[in-house]
Amino acid sequence: MGHGLQNGDGKNGAQKGARHVAIIMDGNGRWAKKRALPRAIGHQRGVEAVRRLVRALEPMNLDCLTLYAFSSENWKRSEDEVDDLMNLMRKFIKSDLAEFVANDVKLKIIGDWRGLAPDIVAMLEDALAQTANGKQTLAVALNYGAQNEIARAAAKAGSIGEITPESIAAHLDTADLPPLDLLIRTSGEIRLSNFLLWQSAYAEMLFVDTLWPDFKPEHLAKALEDFAQRERRFGGR
């Protein structure tokens with residue numbers, strides 16, 4: 001896990017930059033409500049915000065961007081809203097997969113995504129295969145809950161040996177990703193909502209008032225600039 005570039009003083013300064021950023025994309029519904037629009041329109045604009053960020057990944061020099069797209073708790077929403085979200089996912093994969101491939105973006109899915117509708121699972125499997133050689137990773141959390149992830153990882157670790165922090169970490173959905181450097185949540189809410197609880201142990205956190213559909217690459221660029229100025233101690237002094 002990781003390549004030891006979290007908090008050093010390398011000659012080129014790369015160690016001060018974030019390699020892995022995660023975002024809790026919050027505020028689609030409120031964005032729509034403020035404009036007297038259906039929630040579905042808010043979700044559509046949220047997808048456009050994702051598209052803008054993915055297109056801006058390369059110059060930001062991130063190894064990985066992880067997005068919280070659909071939590072295991074989101075099934076509690078109305079059936080119509082869940083259907084809208086799933087249809088948006090289908091459309092996004094169909095419309096943007098070729099661009100992912102062209103831009104060297106590797107797709108990774110975390111969470112119990114195989115529990116989604118069979119056609120979505122098939123589409124995701126195809127997308128994973130087609131983007132397997134990408135240089136930068138877009139990790140998407142689908143049907144994801146961090147407590148469930150930790151429980152699954154602990155069970156796997158226990159089935160083959162001693163349960164330790166290291167053995168649990170080795171079986172997390174994110175085990176092959178760099179350590180999480182920065183977690184951002186939009187919309188002004190200040191909570192993690194069962195997202196990357198283990199991975200956030202020493203991550204920097206940023207909570208912004210911007211609603212997700214209004215979040216732009218320049219917001220992320222500013223967050224990365226601020227991150228580079230932070231002194232990270234990882235429990236030390």
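# Inside a predicted model, piece by piece

Let's start at Asp181, which sits in the loop between helix 7 (165-169) and strand 5; helices (H or I, at least four residues) and strands (E, at least two) are DSSP runs, numbered from the N terminus. What you're looking at is a predicted model, where local features need pLDDT of at least 70, side-chain atom pairs count only at pLDDT 80 or more, and totals for chains, interfaces and linings use all residues. Residues are numbered from 1 along each chain as its sequence is written, and side-chain values use heavy atoms, with hydrogens and water left out.

**Confidence**

- The protein chain has a mean pLDDT of 92, and 92% of its residues reach 70 or more; pLDDT is the predictor's confidence in each residue, on a scale from 0 to 100.
- Residues 1-14 are another story: their pLDDT is below 50, and the stretch has 21 contacts in the model beyond near neighbours in sequence (a contact means heavy atoms within 4.5 Å).

- Asp181 counts as buried because its relative accessibility is 3% (buried means under 20% relative accessible area, exposed over 50% and partly exposed in between, with a 1.4 Å probe and protein chains only).
- Along the chain, Asp181 and Gly134 are 47 residues apart, and their C-alpha atoms are separated by 21 Å.
- Arg232 belongs to the segment after helix 8 (217-229), and with a relative accessible area of 11% Arg232 is buried too.
- From Arg232 to Asp209 you count 23 residues along the chain, and the separation of their C-alpha atoms is 24 Å.

- Strand 1 (residues 20-24) has 5 of its 5 residues buried, so the rest of the structure largely encloses it.
- In a regular strand, side chains alternate between the two faces of the sheet.
- Both faces of strand 1 are covered: one side has His20, Ala22 and Ile24, the other has Val21 and Ile23, and all of them are buried.
- Strands 1 and 2 run parallel and are joined by 5 bridges (two strands pair if DSSP finds at least two bridges between them); Ala22, for instance, has Thr66 of strand 2 as its bridge partner.
- Strand 1 also runs parallel to strand 5 (residues 182-185), with 4 bridges joining them, and Val21 has Leu182 of strand 5 as its bridge partner.

**Two helices to trace**

- Helix 4 (residues 79-102) has 24 residues and reaches 35 Å from its first C-alpha to its last, close to the 34 Å expected at 1.5 Å a residue (the expected span is 1.5 Å times one less than the number of residues).
- Helix 4 has a kink of about 50°, centred on Asp96; the bend at a residue is the angle between axes fitted to the seven residues ending there and the seven starting there.
- Among the buried residues of helix 4 are Val82, Leu85, Met89, Ile93 and Phe100.
- What do the buried residues of helix 4 pack against? Their neighbours are helix 2 (39-55), strand 2 (64-71), strand 3 (105-110), helix 5 (118-130) and strand 4 (136-144).
- Helix 2 should span 24 Å with its 17 residues at 1.5 Å a residue, and its end C-alpha atoms are 25 Å apart, which agrees.
- The buried residues of helix 2 include Gly42, Val47, Val50 and Leu53.

**Aromatic pairs**

- A search of the whole structure turns up 6 aromatic pairs; rings of Phe, Tyr and Trp (its six-membered ring) pair if their centres lie within 6.5 Å, and planes under 30 degrees apart count as stacked, over 60 as edge-to-face and the rest as tilted.
- Tyr68 and Phe195 are stacked, because their ring centres are 4.2 Å apart and their planes are at 10°.
- Tyr68 lies in strand 2 and Phe195 in the loop between strand 5 and strand 6 (204-207), so the pair ties together parts that are 127 residues apart in sequence.
- Tyr68 and Phe195 are both buried.
- Phe70 and Trp75 make an edge-to-face pair, at 4.9 Å centre to centre with 75° between the planes; Phe70 is buried at 2% relative accessibility, whereas Trp75 is partly exposed, at 39% relative accessible area.
- Ring pairs also link Tyr68, Tyr144 and Phe195 into a cluster.

**Positive phi angles**

- Asp104, which follows helix 4, has a positive phi near 60°.
- Asn61 isn't a glycine, yet its phi is positive, near 60°.
- Asn61 sits in the loop between helix 3 (57-60) and strand 2. Is Asn61 buried or exposed? At 62% relative accessibility, Asn61 counts as exposed.
- Ser187 isn't a glycine either, and its phi is positive at about 85°; Ser187 lies in the loop between strand 5 and strand 6 and is buried, with a relative accessible area of 8%.
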